[in-house]
Amino acid sequence: MVKIITGTTNKPMASEQLKSYFHVHNELTGYLYIGYPIIGTVNGAYPIDALWVSPEKGLVIFNLIEGKDIADDYNDAQDDGANKVEAKLKGYKQLMQKRRLCVKIFVVTFAPAVTRIPDFDEDYPLCNESTLSTVIDKFSWDESEYYESLVSVIQAISTIRKGKKRRSIINPESRGAKLRALEDSIANLDNRQSRAVIETVEGVQRIRGLAGSGKTIVLALKAAYLHAQHPEWKIAVTFNTRSLKGQFRQLINTFYIEQTNEEPDWDNLQIIHAWGAPGGGERNGMYYTFCALNNIEYSDYMSARKKYGVSDPFGEICNKALSEAASIKQTYDAILIDEAQDFSPSFLLLCYEMLCHPKRLVYAYDELQNLRSQSLPSPEVIFGTSSDGTPRVNFNTTEEEKPQQDIILEKCYRNSRPALVTAHALGFGIYRDPPDGKESGLVQMFEHNSLWNDIGYEIAKGNLEDGKCVSLKRTNQSSPEFLEKHSKIDDLIVFKDFDNQNAQDTWVAEQIKYDLEHEELRPDDIIVINPNPLTTKKLVAPIRAKLYQYGIDSHTAGVDTAPDVFFANGNESVAFTGIYRAKGNEAAMVYVINAQSCYNSSFDMATIRNQLFTAITRSKAWIRVVGIGENMRGLIAEYQKVKDHNFTLDFKYPTKAQRDLMNIVNRDMSEAEKNRVSKSKGNLASLIEELENGQIYLEDLGRDQVARLRTLLQAKEE
Amino acid sequence: MLPISKIYKQIEVLTVQLIESSLCEAQNFPSLKSSSGNIEEISVSHNDYSIFLKNIPYSEMFRQLVETKTYNMKMIDGALISLSYRFKQKCLISSRLSFFPSPDLEAFQNEPDLYFDDELYSDIMDKRIVTVPIRFDYDANEKTQKPITHPISHLTLGQYKNCRIPVSAALTPYQFLMFILMNFYSNAYVKLNSKFTKFKNCFNSTIFDEERELLHMNTPIYRS
């Protein structure tokens with residue numbers, strides 16, 4: 001069975017024919033790529049129509065012919081293709097023996113629409129569906145020991161390394177040495193990631209994955225790939241965090257040049273922020289463009305916030321723009337959205353409406369940015385229904401040879417298995433002691449239990465069903481082993497409590513000093529996170545002052561610092577940050593300080609546990625969670641249970657009713673809401689007391705009010 | 001005359017205190033160097049960009065200073081503070097004290113809500129603000145100084161080429177930093193000023209008599 005990976009192509013008919021040939025001939029093996037690769041040459045981009053790699057045959061290039069006309073110089077084209085692929089492969093040492101390329105390269109011109117194949121030169125095979133087998137039968141390759149290397153070269157797509165730091169390592173046992181080995185292991189794209197880059201859907205495509213699964217790089221390479229195949233398309237890449245722009249631009253530019261030897265045409269490939277502002281050029285944005293094209297009133301953040309409040313002003317103005325547009329101008333051929341979890345569905349719909357047929361929309365998001373629930377509704381809900389009542393977008397169950405519409409990048413390369421499971425266990429409160437009178441200590445839970453599978457958990461024991469006991473574990477498949485093998489478990493994760501603030505601060509400052517002086521870590525390998533955003537500036541200050549006195553430079557993330565500048569190479573400074581600015585950033589060694597604030601609270605339980613989850617998942621290698629006092633000891637006890645359960649999640653899945661209750665009790669509340677609740681609670685308590693000791697009578701309250709209260713209470717009991 | 005070691009000490013102590021007060025979000029270590037001709041110098045960077053950066057737009061200059069880490073302190077709103085002093089034979093010959101506010105606040109645009117509720121930011125988040133770069137320069141070079149048109153110690157606002165408001169003497173780090181805090185971070189200053197060590201020494205007056213007849217600034221005079 002040949003695995004087929006369908007990219008985008010200008011020769012759809014012939015491609016389909018070729019795919020169906022391989023589908024039928026399931027005795028063949030290997031990978032067939034349609035519309036991939038593109039090779040950069042001295043004359044610019046050289047796209048290969050299709051390419052098949054197999055252990056028996058080596059590498060077969062297909063030149064596809066859509067119609068019935070076979071160009072006279074089809075043999076020149078074959079020479080060209082073979083030479084270009086050969087030149088490219090020769091760049092990889094693992095495929096060479098001295099100066100000889102060990103991969104056999106064949107070329108076939110495939111013209112399925114031509115019924116009578118003229119006689120051809122043996123050296124330049126030309127065939128249609130009925131003669132393809134005879135040609136392929138003649139191919140053979142006897143150095144199949146190079147097959148695995150060949151596949152990984154083709155799959156790697158790009159030699160781009162993501163900001164690898166230069167390290168000079170003296171001690172092979174130091175953290176710095178371990179980190180270098182880790183970074184080397186994750187340099188290349190894996191099989192799923194490269195499929196996600198190439199596979200192009202004529203419609204909506206969704207890419208999901210945890211933080212660290214490579215969504216941004218997949219999206220960037222995809223944009224560059226689409227642009228290389230279709231330079232005339234209008235393509236937009238959009239996102240929420242402004243500083244991502246630089247990262248996207250750099251990734252796309254490097255990859256595009258690598259593939260085509262040309263600069264991207266930035267007029268057709270736009271990297272623009274979701275919102276945007278007047279002023280043109282760099283300030284442009286999707287929403288702004290939508291307003292301009294459709295002659296709709298534009299709102300900036302300030303005015304939107306004034307009008308719609310703080311909860312979701314952007315979603316509201318997108319809705320407003322959509323409802324006001326009479327007929328929407330369809331401008332783009334493809335739109336790629338990163339960080340889609342940060343947007344409301346109305347922004348996705350706005351992008352969808354701006355696309356020409358066949359509406360190539362790719363959106364990538366992290367299902368778990370927020371532990372509470374699925375961060376985005378299903379595509380049926382987001383994109384609505386057409387006039388006949390059927391959903392405009394839905395993901396059909398995938399057939400093998402079709403490009404996947406719904407991609408899950410299940411491997412998490414950022415966090416080791418123990419760290420990720422700990423973050424989930426504490427975030428959900430899996431092993432939290434039940435509060436008085438409660439059966440379970442869970443803080444929050446997914447509405448759909450299938451989400452656990454999507455994010456890479458397997459059932460170890462029990463049933464993943466409402467009201468049933470279940471034990472979930474992560475596998476090698478979803479959490480690669482090399483991420484945890486470099487250090488002992490008690491070094492990967494450390495929880496530690498202190499008697500007072502100063503003791504904690506001193507310990508952290510000394511540890512950082514040791515890491516830098518003896519463990520060969522660099523200052524930018526370390527971040528210190530204070531989970532509570534309101535106390536961050538105050539609480540990080542004393543540690544920073546201590547470090548300054550040790551002669552160690554540090555900084556806090558402020559209003560004008562962009563994350564990529566933040567961790568720029570050669571930045572000899574330790575980063576301190578609150579939880580919001582930590583989003584999207586990662587470092588090898590993470591200190592979570594004052595973690596006691598994440599243990600318990602009468603309001604916002606979900607919020608503080610989410611903070612802890614976010615903080616822990618910033619760590620690529622080692623994590624230190626420290627704090628003060630009784631609550632910290634409670635948190636340590638909770639972690640101890642995670643460890644005792646061997647980093648599995650063992651719990652009883654809450655029922656629908658229990659989940660609903662959890663969501664109400666632990667919901668996010670604004671300061672004003674909290675005040676209102678506290679006030680009403682106080683009023684109610686004094687009312688009850690006064691009624692009980694006869695200071696006032698029920699009759700005093702008025703018959704109507706008492707009746708309404710009674711109805712409310714009854715309704716709740718039912 | 002104030003010795004350079006005391007100036008260096010002031011910078012060191014005040015930097016730690018500014019970090020502790022959480023007003024300073026990044027900083028560099030000042031260095032004290034001596035070179036031939038009995039010259040001693042305090043600065044943060046090996047490179048002096050002041051001439052190179054003369055003819056480029058403010059936002060570009062600011063970016064360059066951030067990237068090359070040419071500042072003593074970076075404040076919570078991104079503003080850069082730099083202090084440099086040069087002494088020859090124990091005498092101050094030049095100094096440059098600058099306050100360069102950030103031309104744009106990217107993180108603020110990303111997550112504005114984070115900053116609205118924090119009183120430390122209340123000065124700088126006011127919509128009406130137009131930020132102004134401020135420089136106190138001191139140049140004892142007899143060739144350049146010229147009464148009125150080029151006062152020895154002067155204040156430049158907004159990077160205007162010929163803006164040189166006469167100042168009575170050179171400023172100490174303490175005088176300069178308190179001036180900045182008091183006027184541009186006033187909420188924080190009111191809360192925190194007791195935490196800063198007070199350094200009550202000053203440089204000798206250098207103002208020309210004819211400048212006293214113009215609108216000018218006086219550096220502090222301490223009673224005790």
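Me: Over the ring of which residue does the charged end of Arg474(A) sit?

Reply: The model discussed here is a predicted one. A charge is taken to sit over a ring when the charged atom is within 6 Å of the ring centre and within 35 degrees of the ring normal. In this structure, the charged end of Arg474(A) sits over the ring of Tyr457(A), at 5.0 Å from its centre. Another case involves Trp622(A), whose face has Arg175(A) lying over it, 5.0 Å from the ring centre.

Me: How many aromatic pairs does a search of the whole structure find?

Reply: Over all chains, the search finds 38 aromatic pairs. Consider the rings of Trp275(A) and Phe314(A): their centres are 4.7 Å apart and their planes stand at 25 degrees, so this pair is stacked. The cut-off behind that reading is an angle under 30 degrees between the planes.

Me: Where do Trp275(A) and Phe314(A) lie in chain A?

Reply: Trp275(A) belongs to the loop between β13 (269-273) and α9 (286-294), whereas Phe314(A) is in helix α11 (residues 313-324); the pair therefore ties together parts that are 39 residues apart in sequence. Both residues, Trp275(A) and Phe314(A), are buried. They also belong to a cluster linked by ring pairs, whose other members are Tyr287(A), Tyr288(A), Tyr298(A), Phe343(A) and Phe347(A).

Me: Which residue does a cis peptide bond join to Pro37(A)?

Reply: As a general point, most peptide bonds are trans. Here, a cis bond joins Tyr36(A) to Pro37(A), with omega at about 0 degrees. Pro37(A) is placed in the loop between β2 (30-34) and β3 (38-41) of chain A. A cis bond also runs from His357(A) to Pro358(A), where omega is near 5 degrees. Pro358(A) is part of strand β15 (residues 355-365) of chain A.

Me: What is the phi of Glu339(A)?

Reply: Most residues other than glycine have a negative phi. Glu339(A), although not a glycine, has a positive phi of about 55 degrees. The loop between β14 (332-337) and α12 (345-353) of chain A holds Glu339(A). In chain B, Lys90(B) likewise has a positive phi, near 70 degrees, and is a residue other than glycine. Lys90(B) lies in the loop between β5 (80-88) and β6 (91-100) of that chain.

Me: Is Glu339(A) buried or exposed?

Reply: A residue is called buried under 20% relative accessible area and exposed over 50%. Glu339(A) has 13% relative accessibility and so counts as buried. Lys90(B), with a relative accessible area of 59%, is therefore exposed.

Methods
Residues are numbered from 1 along each chain as its sequence is written. Chains are lettered from A and ligands numbered from 1 in the order in which they are written. This is a predicted model: local features need pLDDT of at least 70, side-chain atom pairs count only at pLDDT 80 or more; totals for chains, interfaces and linings use all residues. Side-chain values use heavy atoms; hydrogens and water are left out. Rings of Phe, Tyr and Trp (its six-membered ring) pair if their centres lie within 6.5 Å; planes under 30 degrees apart count as stacked, over 60 as edge-to-face and the rest as tilted. Helices (H or I, at least four residues) and strands (E, at least two) are DSSP runs, numbered from the N terminus. Buried means under 20% relative accessible area, exposed over 50%, partly exposed in between (1.4 Å probe, protein chains only).
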